[in-house]
Amino acid sequence: MEWTHCSSGEDALTLAAHCCPNRRVVLSMAGIPGLLLLLVLLLLLCAVGQVSPSGAHWKPTWPAYRLPVILPQSTLHLAKPDFGAEAKLEVSSSCGPQCHKGTPLPTYEEVKQYLSYETLYANGSRTETQVGIYVLSSGGGESSGKSRRKRQIYGYDSRFSIFGKDFLLNYPFSTSVKLSTGCTGTLVSEKHVLTAAHCIHDGKTYVKGTQKLRVGFLKPKVKDGRGAKNSSAAVPEKMKFQWIRVKRTHVPKGWIKGNANDIGMDYDYALLELKKLHKRKFMKIGVSPPAKQLPGGRIHFSGYDNDRLGNLVYRFCDVKDETYDLLYQQCDAQPGASGSGVYVRMWKRQQQKWERKIIGIFSGHQWVDMNGSPQDFNVAVRITPLKYAQICYWIKGNYLDCREG
């Protein structure tokens with residue numbers, strides 16, 4: 001048995017999942033005591049057959065990647081969009097994992113087109129930026145490939161509703177934010193939010209309300225003082241959203257050009273820049289390792305599922321399949337969770353510490369025709385080296401700050 005220090009509630013849930021991968025528990029987290037009780041019970045239930053710690057442990061470690069560089073080459077001003085699309089909280093594709101694995105790799109010119117991007121500003125103006133792709137030093141350039149998408153509830157609902165400001169306002173749950181279009185996003189810098197492209201753009205035009213797009217941060221409601229002494233500690237504290245306007249958005253042309261066909265699914269991500277700093281801890285992005293290198297083969301994410309209004313919902317599950325651009329799994333989720341940052345916690349060798357990074361963006365539910373029989377998945381878009389270089393440049397504005405994935 002590997003012993004792990006738990007510094008937060010989500011660490012404890014991760015440890016419980018690692019020790020008892022086949023047990024499902026529903027937990028209403030109103031405070032630390034309930035969480036610790038759950039963890040103790042799970043460890044006791046799973047103790048039979050476990051061996052005592054042995055001195056040396058294997059640590060799932062963040063891989064080192066040679067990263068490409070993506071730089072703007074030219075910018076063209078476009079006409080203002082009409083913002084006429086209806087918000088879609090899920091997307092669909094008929095191309096599943098095997099279909100994607102058989103798709104030819106795009107050419108260099110095609111990849112440049114997919115990674116070119118459109119920027120929408122708060123005043124309604126927009127631009128299109130063409131990019132160049134460069135490889136520094138030797139080796140390491142990777143071309144984009146193939147992949148697709150997923151969602152829904154699979155059997156027993158294994159999601160956890162997160163209650164209480166002790167959890168909601170602390171890392172990593174505090175990095176999850178709500179978009180005014182109905183989706184979820186994740187804080188990835190002092191003023192940037194990563195989300196799914198379909199939350200703001202349907203592939204043809206921008207979603208209604210995108211010009212006045214806002215991002216909501218959960219915070220406790222102000223108490224009026226009545227009945228405070230008699231309230232039960234087990235009753236979750238009421239929360240509300242504080243909203244910040246979005247200054248501009250970036251959407252890759254791979255989504256805009258390809259939404260009508262399968263390649264668009266690989267580029268279902270967008271970055272939002274806020275009008276002011278949010279002053280919360282954020283989660284860094286990272287290149288998605290192969291599924292076999294993920295701790296326990298699992299991913300984690302938290303989102304605002306629309307069947308649990310006002311609640312932040314956390315879940316974890318195994319990755320069932322993968323392509324170069326997508327992760328296929330059956331994490332329980334509902335519309336509203338789209339755009340959530342998919343993350344894992346791994347050992348950072350250089351800094352000698354554990355670190356969480358976002359390795360993908362939850363896209364949604366996908367129905368796939370498997371030999372004439374429909375099969376459903378939940379799908380996340382992987383952050384590949386090329387996507388990392390693009391998103392990091394959007395955040396930093398300097399490729400020299402994007403050399404480590």
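Reader: With which residue does Lys-208 form a salt bridge, and how far apart are the closest N and O atoms?

Author: Side chains of opposite charge can pair when their charged atoms come close. A salt bridge here is a side-chain nitrogen of Lys or Arg within 4 Å of a carboxyl oxygen of Asp or Glu. Lys-208 pairs in this way with Glu-86, the closest N and O atoms being 2.6 Å apart. The pair links distant parts of the chain, since Lys-208 sits in the loop between β7 (192-195) and β8 (214-220) and Glu-86 in the loop between β1 (68-78) and α3 (97-101), 122 residues apart; helices (H or I, at least four residues) and strands (E, at least two) are DSSP runs numbered from the N terminus.

Reader: On what kind of model do these values rest?

Author: This is a predicted model, in which local features need pLDDT of at least 70 and side-chain atom pairs count only at pLDDT 80 or more, while totals for chains, interfaces and linings use all residues. Residues are numbered from 1 along each chain as its sequence is written, and side-chain values use heavy atoms, with hydrogens and water left out.

Reader: Is Glu-86 buried or exposed?

Author: Buried means under 20% relative accessible area, exposed over 50%, and partly exposed in between (1.4 Å probe, protein chains only). Glu-86 is exposed, with a relative accessible area of 52%, whereas Lys-208, at 46%, counts as partly exposed.

Reader: Which parts of the chain does the salt bridge between Asp-321 and Lys-101 tie together?

Author: The side chains of Asp-321 and Lys-101 meet at 2.9 Å, N to O. Asp-321 lies in strand β12 (residues 312-322) and Lys-101 in helix α3, so the pair ties together parts that are 220 residues apart in sequence. Asp-321 is partly exposed, at 21% relative accessible area, and Lys-101 is partly exposed as well, at 38%.

Reader: Where do Glu-109 and Lys-112 lie?

Author: Both lie in helix α4 (residues 108-115), three residues apart, which is about one turn of the helix. Lys-112 is buried, with a relative accessible area of 15%, while Glu-109 is partly exposed at 48%.

Reader: How many salt bridges does the rule give?

Author: The count comes to 15 salt bridges. Glu-118, Arg-126, Glu-128 and Lys-253 are linked in a network of them. As background, the protein chain has seven helices and 16 strands, and 53% of its 405 residues count as buried.
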